[in-house]
Amino acid sequence: MRPKILVLGGGFAGLFAAKEMRRTLRDAAEIEIINSENYFVFQPLLPEVAAGSIAPTHAVSPLRYLLRGVAVRKARIESVDFDRKVVTVFQGVQRRPTKVSYDQLIIALGQATDLSRIPGMAEHGLTMKTLEDARRLRAHVIERLEHAEITSSPEIKRGALTFCVIGGGFSGIETVGEIKELIDRSLKFYRKIRPEEIRVLTLEFADRILGEMPATLAEYAAANLRTRGIEIRLKTGVASATGTQLVTSAGEVIDTRTIVATIGSAPSRTVREMELPLQNGRIAVERTLQVPGRNDVWALGDCALIPLKEKARDPADFAPPTAQFAVREARHLARNMAAALQSRPLARFCYASQGSLASLGAHRGVAEVRGRRLSGFPAWLLWRAYYLMLLPGPSTRMRVLANWLLDALSARNVVVLRSHDTQSVRHALYRAGDRVFEAGSRADGVYTVIEGEMELRLSDEETGKEIVRSIGPGEHFGESLILGDHLRLGTVRAVTDSRVLITDREAFLMLADGYSFLGEYFRKRIREVYDLDWTPGQTLKWPRGAREPAENAAQV
Ligand SMILES: Cc1cc2nc3c(=O)[nH]c(=O)nc-3n(C[C@H](O)[C@H](O)[C@H](O)COP(=O)(O)OP(=O)(O)OC[C@H]3O[C@@H](n4cnc5c(N)ncnc54)[C@H](O)[C@@H]3O)c2cc1C
């Protein structure tokens, strides 16, 4: 019987490993790949998707099209039983747990993002890892321009027009350059925004950006970005973030509604739970790409720590987490797999980078290829040519090229088809003194205080007196939204640094309908506070002209 090779993950490492093994082994093995999506994402093009120079569907390719002769399973990988040689996945509409057996297992699950170490970052930071992230970022940036164009509040305008990108590595620099280009090319549609009102910043913890590149090129990149008005803060990290502000490690408070995090690489939950030896958050493998002590488990790509020499210690002694290396590792793995199946000795992985390229947006880039350094327009052109060649499949290449040509000839599209901005249930952090909402604004959700203290101020219509009420952990406010859309009657501010759970109306009504104890609690609450009969599942219209009783002032 043919051995079964199972590849976990359809990114650069998994896709190219499966492709190369198909080519090398032909029909000597059965190959299956499992990926959460049925497409491969070309991550280096994500900043261009976020900037709108490429349509989202053109930065991805169907795995079935790219991997002829390889079985493709779209499923969520849950766990691996290494003793029984079985992988459990959740698949299909019902998300049924299904067991997939293997003879040889290849782990190529990439890295996840963990922002939980910086207070507020997981709640308010936008990530740049998936296609959805790139689409959301583009929509978010355009929504901020839309908001800045129409707001009458200088404070809100300043926050809306300040864009922060955290991390000065490849993805951070490419993202900040592309965002700036998107904004610059879109401004002609927003007549009330002056270019000098735009602020775009990059924060990098190290003492220079693009640590993977020679210092001279990194300096060129920094100078180019600065000339285009991008502020670069070096030796600066993020201490905390909220929906309206970012506090740097130097204590600077920046009003911003956009924080893009390209930091926080961490092993995914699936990889962590495999209980394989991890080093620096990656699966420590032999130079043959096998997991130590297991001749049927291999790992490569971003999830693996691959030594490039014996007794590797320094970070430079290990393969960097880049697409360029993932593709070389995949080729090496295919050769070693063929050797393993034929009981031949395995070769050690060694590869010296042929160079590195980064696009800075606005037709500028930096490159180092085989010791030759390039910057400016030639480097940018080389970047595009290289990635065009690396793109899998001729049709993807043609589509991306067509997108680039069109983008060069036309204005940036500022259409946002659907707001990807807000989740229906989300956490939000506020710093002491932050305004949560103010009287007269449209109600957007039911708020529950998890940590901290809030203060509500509301003026009593009858007496004209101001009522002040403190709202602490476990208490909620804003539930009058249950009765229908209306404008806030009071203003809420955070007294201390606070964390709240915000649930929008649709989600809240569903939860109250689905959980009888919750529905019953709010049914009683609405009766007590508003003297109205409401039953979960029922949509009431906010009684026109209705005024909330002052004694229930927390119920704004
Ligand atoms: C914005 C950005 C720009 C970049 N620019 C460059 C660049 O210019 N040059 C360069 O060389 N590199 C660049 N990189 C890095 C490069 O993209 C990565 O090194 C490369 O994608 C790693 O490939 P991988 O296969 O190991 O992981 P990934 O490409 O992340 O693939 C992992 C796959 O596993 C799947 N997966 C994970 N967990 C599960 C699960 N539980 N169930 C099912 N499927 C799962 C994921 O969906 C994904 O398809 C960039 C990365 C980013 C994010």
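1. Strand 1 and strand 8 pair in the parallel sense, over four bridges, where two strands count as paired if DSSP finds at least two bridges between them. Helices (H or I, at least four residues) and strands (E, at least two) are DSSP runs, numbered from the N terminus. Within this pairing, Leu8 has Ile107 of strand 8 as its bridge partner. The model is a predicted one, in which local features need pLDDT of at least 70 and side-chain atom pairs count only at pLDDT 80 or more, while totals for chains, interfaces and linings use all residues. Residues are numbered from 1 along each chain as its sequence is written.

2. Strand 1, which spans residues 4-8, also runs parallel to strand 2 (residues 30-35), to which it is joined by five bridges; in that pairing, Leu6 is partnered with Glu32. Together with helix 1, these two strands make a right-handed β-α-β unit, right-handed meaning that, with the strands pointing away from the viewer, the path from the first strand over the helix to the second runs clockwise. Strand 1 is mostly covered, with four of its five residues buried.

3. Ile107 belongs to strand 8, residues 104-107. Ile107 counts as buried because it has 27 C-beta neighbours inside 10 Å; the cut-off for buried is 20 or more other C-beta atoms within 10 Å of the residue's own, with C-beta atoms placed from the backbone. Leaving aside neighbours within four places in sequence, Ile107 is in contact (C-beta atoms, placed from the backbone, within 7 Å) with Leu8, Ile283, Val297, Trp298, Ala299 and Cys303. The C-alpha atoms of Ile107 and Ala304 are separated by 8.4 Å, although these residues are 197 apart along the chain.

4. The protein chain is divided into domain 1 (4-44 + 56-111 + 267-341), domain 2 (121-264 + 355-390) and domain 3 (425-552), with bounds that come from an automatic or database domain assignment. The centres of domain 1 and domain 3, taken over C-alpha atoms, are separated by 48 Å.

5. The ligand is surrounded by 33 residues, of which the closest are Gly9, Gly11, Gln43, Gly110 and Gly301; a residue is near a molecule if its C-beta atom, placed from the backbone, lies within 6 Å of it. Among the elements that give two or more residues to this shell are helix 1 (12-25) and helix 10 (323-341). Because domain 1 and domain 2 both give residues to the shell, the ligand lies between them.

Key
Buried ≥ 20, exposed ≤ 12 C-beta atoms within 10 Å, placed from the backbone. Contact = placed C-beta atoms within 7 Å.
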